[in-house]
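Please consult the sequence and structure shown below.

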Amino acid sequence: LAGAIALIAGLIIWNLWNTIPSAPQSVARVVIPLPSTAPLEVETWRPAVALSPDGTRLVYVANRGGKKQLYLRQMDQLDATPIPGTEGGHSPFFAPDGQSVGFVVGNELKKVSVSGGVPQILASVPPVTRGASWGPDDTIIFTTDPNGGLVRILAIGNTPPPDAFSNAPPYSMGGQILTRPDPTKGEYSHRWPQFLPGGKAVLFTIDTGGSFDDARIAVLSLETGKTDVLFDGGTNPRYSPTGHIVFCRAGALLAVPFDLERLERTGDPVTVIDGILMEPGGAAHFTFSDDGSLAYVPGGMLVLDRKLVWVNRQGEVEPLPAEPREYENLSLSPNGKQVAVIIRDGSNYDVWISDVARGSLSRLTFHPQEELAPIWTPDGKQVTFASEMAGSFPTLWWRPADGSGSQEILLERKEGMARFPTSWSPDGQTLAFNISTGTETGSTDIWMLPREGEGEPWVFLDTEFDETGAMFSPNGRLLAYMSNETGRDEVYIQPFSVAGPRGKQQVSVSGCGEPVWAPDGRDLFYRNGDRIMAVAIETEPELSVGTPRTLFEGRFLALGDEVGSTYDISPDGQRFLMIKREQDLVPTELIVILNWFEELKRLVPTP
C-alpha cells in the first residue's frame, strides 16, 4: 500500500511538473568579429550567410586577398576555416541534416560535405542564379536565370524528381520547371525560394521589375501547383517554426503570422529588427536556425552608387565627371571618347553611353529585361550587347551608338543557350561570343559569328571545361581567353584561325579574370583578386609569354561570375577605365542573436 501511494504521488507530481510552462530562455546578442584579412564578401543579389538547421554551424562568404571562398565556423569554436573546393563560391545553403552545404560557383550548382571532401556538381546553372533551398525529400529548388522561374532537381545530381509536375517540360539545364513568371501580371522573375516544413510547399519572391521593396511574397503548393501571393512589399521570405514568415524590406526584418496548414497569412507585418544589410538587387543577408538562433550582417539598405574612374599604371585614381550610378560593366570606345556602360535600376539593366570628357549619360536600351556585356565595334559606330528581349535566354544584339535606328538581333535566340559577346576582331568581320550550353557538362564555349553575308556561327573552342572572355589581339592573330581546366580560371593565348584552336600557352599562374590586351599587343593584362597583372607577349621569332608582374592593386569592382568586363584600357595604353564604389563596404562583423524566437513571439503574437 505504501509503495502504491508513493507511486501515485510520484505520478501526480510528475504530471504537475510537466503542466507548469517552462520559463522562456534568455535572449542574448553576440558580435562575431571577422578577420580584417578575410572580411565578408557582399555581392549584389547573393546571400552571404547560412546557419545550419541545428544552429551549430555558420557558413559565410569571405574575401581573402581579393579571392572569395566559403568559410565554416563551428559555433562552439573561435575561428572559421575555409572549405576546400569552394573557391569562387557564393549563395551558400544547408542540407536539412546540416552535413552538407550547397553553393554556386561559375555556372555550376554544387554541394560539399562540411567534414571535407570533393564538391559534387549537381546542375549547370546561369552564373546569375538567385537563391536555392534544400528540401526534406532531398530535392533542391533554385532559380533558373535572372528572368526565369523555379526549378527542382534531385540533390544527387542533374535529374528531375518524380512528382505532380511530371507533365511539365524538362528544364533545359536538367530538372523540372515549377513556376514561370507571368509578364501579364507584372512578373519578371521568381527568386530566393525556401521549402516550408514537410516539403509540400515553397515560399519565394516575385520580382516586379522595380525596387525589391515593392516585390511580392508568394507561396507555391507542390501538391497542386497553385501559386498564391501572400502580400506585396518584401523579399527573401523565410518560415520560422514560431508560425511566422520573416522577410526583408528597406533594410529591416519584418515578420507576419502565417498558418502553415492553410498556407495563409493571419496578420499584418511588424518590424522586428532594423539595420539588416540589404542590397538593391534584393538579397538580404540574414539567416536563422530551427532552434532559434539568428545571424545577420548589420548595415541597413546598401547604396551601390559607383564612380567611373581612370587609374594609371602607378595605381593613381582620377574620377570621371559622370555622376555616381549603379555601374555594372563597361567598354571604352575605340577613340577613347565614350564609354558604353551597364547601369542597374532595381532589377533592370540597360546600356548607357557616357561622354568621357563631359560626363553626360544617354540611355541606349529601354527594354524592361536585362542587357549585359556591351562591346564596341572597331569602327566605333555600333554597340553590341546581350539581351533577353527575345526571351528568357539572352542572345546577341546591337544598336548604333548615337541612338539612331533600332536595336537589331544578330543571332536568333535558342532555348537553353545563353549567348554573350566578348570581342570583335580588329577588322570588324568576326564577333567572338560565349555560349552557355546548359549541357550535362555545364560547359561554356567560345564561338564565332561572321558579320557579313550568310555566314553561320561556328565553334572555336568546345571542351568539357568553361572557356570564357575571348579577346582578339590588336592585330587579330591571337586570342586570349580564360579556362578552368586546371580547377580554377587561368588565362591562355593561342593563334586565331578558322581552322580552330592550336598551340595554346598559359599566361597566368595563380588564378585570373578578365584578360585585356594593350593597344600595341605587347602586353596582356588580367585581374588577380585586387591586383591588375601585366604579362609581356612576344610574337617574333615565335610566340612567347613573359612572367606576370603586378601593375597596381586596389579595390575596384570585379567581374566575379557575371558576364561582360568591368575595366578597359585607354587607346594610348597608359590608363585603365574602372569602376569604384563611392563607399567601399567591407563588413567585418556578424551579429548573432541566441534564442531569438522568444523575442519574435513577444513582438509578433500569433493567433
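## Arg 555 and its partner

Arg 555 is partly exposed, its relative accessible area being 32%. Arg 555 makes a salt bridge with Asp 530, with 3.9 Å between the closest N and O atoms. Arg 555 lies in the loop between β47 and β48 (568–569), and Asp 530 in the loop between β44 and β45 (531–538), so the pair ties together parts that are 25 residues apart in sequence. Asp 530 counts as buried, at 17% relative accessibility.

A salt bridge is defined as a side-chain nitrogen of Lys or Arg within 4 Å of a carboxyl oxygen of Asp or Glu. Helices (H or I, at least four residues) and strands (E, at least two) are DSSP runs, numbered from the N terminus.

## Basis of the model

The model is predicted: local features need pLDDT of at least 70, side-chain atom pairs count only at pLDDT 80 or more, and totals for chains, interfaces and linings use all residues. Residues are numbered from 1 along each chain as its sequence is written, and side-chain values use heavy atoms, with hydrogens and water left out.

## Further salt bridges

By the rule given above, the count comes to 21 salt bridges. One of them joins the side chains of Arg 549 and Asp 523 (3.5 Å, N to O). This pair links distant parts of the chain, with Arg 549 in strand β47 (residues 549–553) and Asp 523 in strand β44 (residues 523–528), 26 residues apart. Arg 549 is partly exposed, at 36% relative accessible area, whereas Asp 523 is buried, at 12%.

A salt bridge also connects the side chains of Arg 216 and Asp 232 (3.9 Å, N to O). Arg 216 belongs to strand β16 (residues 216–221) and Asp 232 to strand β17 (residues 227–232), so this contact ties together parts 16 residues apart in sequence. Asp 232 counts as exposed, at 53% relative accessibility. Asp 259, Arg 262 and Glu 264 are linked in a network of salt bridges.

## The sheet β6 to β9

An open sheet is formed by 4 strands in the order β6-β7-β8-β9, with antiparallel pairing. Strands β6 (90–94) and β9 (120–124) stand at the edges, each with a single partner strand, so one side of each is left without a neighbour in the sheet. Two strands pair if DSSP finds at least two bridges between them.

Strand β6 is joined to the antiparallel strand β7 (residues 100–105) by 3 bridges. Phe 93 stands opposite Gly 102 in β7.

Terms used
Buried < 20%, exposed > 50% of the residue type's maximum accessible area, 1.4 Å probe, protein only.
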